[in-house]
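Look at how the two chains below meet. Then follow the text from the contacts between them into one of the chains.

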Amino acid sequence: MKSFLSFLTTLVVTKADLFAAEAGMPQLDPQYWASQAFWLILVFAILYISISKFYLPKIKDNLDNRENKIKEDLENAQKHREQSEKKLQEYETIVENAKKEVAKILLESKNNLNKEIQSKKQKIEKEIENEIIKAQKEIIEMKKNSITSIEIISKNIVSKIIENISGEKLNESSIKAVVEDISKKNIDRYL
Amino acid sequence: MASNPMQQFTVHKIGPEIKIAGVDLSFTNASLFMIISASLILLFLYLGSKERKIVPDKLQLIAEMSYNFVAKMISDTAGSKAKPYFPFIFSLFMFVLICNMVGMLPYSFTVTSHIIVTLIMALFIFIAVTVIGFIKHGFKYLSIFVPSGVPVVLLPLITIIEIISYLSRPVSLSVRLFANMMAGHTMLKVFGGFVVSLGILGGWLPLSFSVALTGLEILVAFLQAYVFAILTCIYLNDALNLHH
């Protein structure tokens, strides 16, 4: 850079020398130095005052505002995240408790149901047994009853048959005794 | 053919002659372009700070970027003590930058290509920095000329060199900007003249060179404004934080 600048300067100096005959460097002509100095100071003073009084504070304000806003937003975001994490944990504990309760309820109702089924079953079985016993008794009764009726019928038949064959009327009581005797001998076959 | 590449630097009067106490303070094209540059800066800053959006638009972003750029430059070179001088450095940087940039437009006038303008700015900075140094440190400020850790034999010589370098600050500061601007614009003019004189057949080479130079000059315009501002910061740093 430095060598390039010196090259430029020498070039400019030689070039300027070529034309210096008529004009030279206008920069070295002091005619308007005072004017340039005056206007420079005036313009720069105005520029400096308006920049330092109006624009820089505004820009600085704006930058500070943005920084504060970003910081605030970040803080809020952090807070919200913590809150949501807490909420999530709460939710998870609630779900876990609910699951536990459900399991408990399930177990309880299962047990209750089993118990109920068992007791009902027992009751019904007892009833059925009773019914069976009752029916058996009835059957036996009926069988017994039927035996007496059979005895009567067979006595009648026997007396009729004897009457028909011999033409003689036998003593009813003796017939009865014989029939009873026979039926007693064979009763085990039917009961 | 406007063959004189120095003609672009001539100052001429616009309007009536203004004379105050025998001194010619007429309004010139230089004054005009100073006012144009300052107005551009103020317009830019006005538009850039008008709407205070959280998410900035383009102009606001550029205004805030330039603010942060200068703020960072100051805090990096001169530390936090230089904060009160931030508006001045900012104005200085913007003024030099926009004057340089406006000067890049054809038919315009480059305010900073005049030694008197840069010299006044540099002298003001020099005097202000010296005054600030003496206010902050009293006569201890003179120790800036006596670097520590130098053998006693060399001390007088070093001190003389330091004094000379200190006193040449305004000269180097002003001549650097002025010479850069003048050299660049003269080069552009010279190559522009070559384009015209060589015509349609031979003019392409200087034309392409001229295009390249324009790009370089825009870079130099920014760079010189930056250098001017950062040197001011460095001088200010010497005055605020005496560390020799």
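This is a predicted model: local features need pLDDT of at least 70, side-chain atom pairs count only at pLDDT 80 or more; totals for chains, interfaces and linings use all residues.

At what angle do the axes of helix 2 of chain A and helix 3 of chain B cross? They cross at roughly 120° and come within 9 Å. Axes here are lines fitted to C-alpha atoms, for helices over the stretch in contact, and angles run from 0 to 180 degrees between N-to-C directions. Helix 2 of chain A is therefore oblique to helix 3 of chain B. On this scale, under 35 degrees is roughly parallel, over 145 roughly antiparallel, 65 to 115 roughly perpendicular, and the rest oblique.

Residues are numbered from 1 along each chain as its sequence is written, while chains are lettered from A and ligands numbered from 1 in the order in which they are written. Helices (H or I, at least four residues) and strands (E, at least two) are DSSP runs, numbered from the N terminus.

Which residues make that crossing? Helix 2 of chain A brings A:F44, A:L47, A:Y48, A:I51, A:S52 and A:L56, and helix 3 of chain B brings B:P87, B:F88, B:F90, B:S91 and B:F95. Contact means C-beta atoms, placed from the backbone, within 7 Å. By class, nine of these residues are nonpolar, two are polar and none is charged. Ala, Val, Leu, Ile, Met, Phe, Trp, Tyr, Cys and Pro count as nonpolar, Asp, Glu, Lys and Arg as charged, and the others, Gly among them, as polar.

Helix 2 of chain A also meets helix 1 of chain B. Their axes come within 10 Å and cross at roughly 5°, so the two helices are roughly parallel. This contact has 15 nonpolar, six polar and one charged residues.

Now take the whole interface. In total, 43 residues of chain B are in contact with 37 residues of chain A. On the chain B side, helix 1 gives the most, with nine residues. That side divides into 29 nonpolar, eleven polar and three charged residues.

Stay with helix 1 of chain B, where B:S37 lies. B:S37 is buried because it has 25 C-beta neighbours inside 10 Å. The cut-offs are 20 or more other C-beta atoms within 10 Å for buried, 12 or fewer for exposed, and partly exposed in between. Beyond its neighbours within four places in sequence, B:S37 is in contact with B:F95, B:I98, B:C99, B:V102 and B:V111.

Helix 4 of chain B covers residues 115-137. Its buried residues include B:I115, B:L119, B:F126 and B:G133. What covers the buried residues includes helix 2 of chain A, plus helix 6 and helix 7 of chain B. The 23 residues should span 33 Å, and the end C-alpha atoms are 32 Å apart, which agrees. Just after this helix, B:G138 takes a positive phi of about 65°.

For contrast, turn to B:I160 in helix 5 of chain B. B:I160 is exposed because 11 other C-beta atoms lie within 10 Å.

Terms used: The expected span of a helix is 1.5 Å times one less than its number of residues. Two residues are in contact if their C-beta atoms, placed from the backbone, lie within 7 Å.
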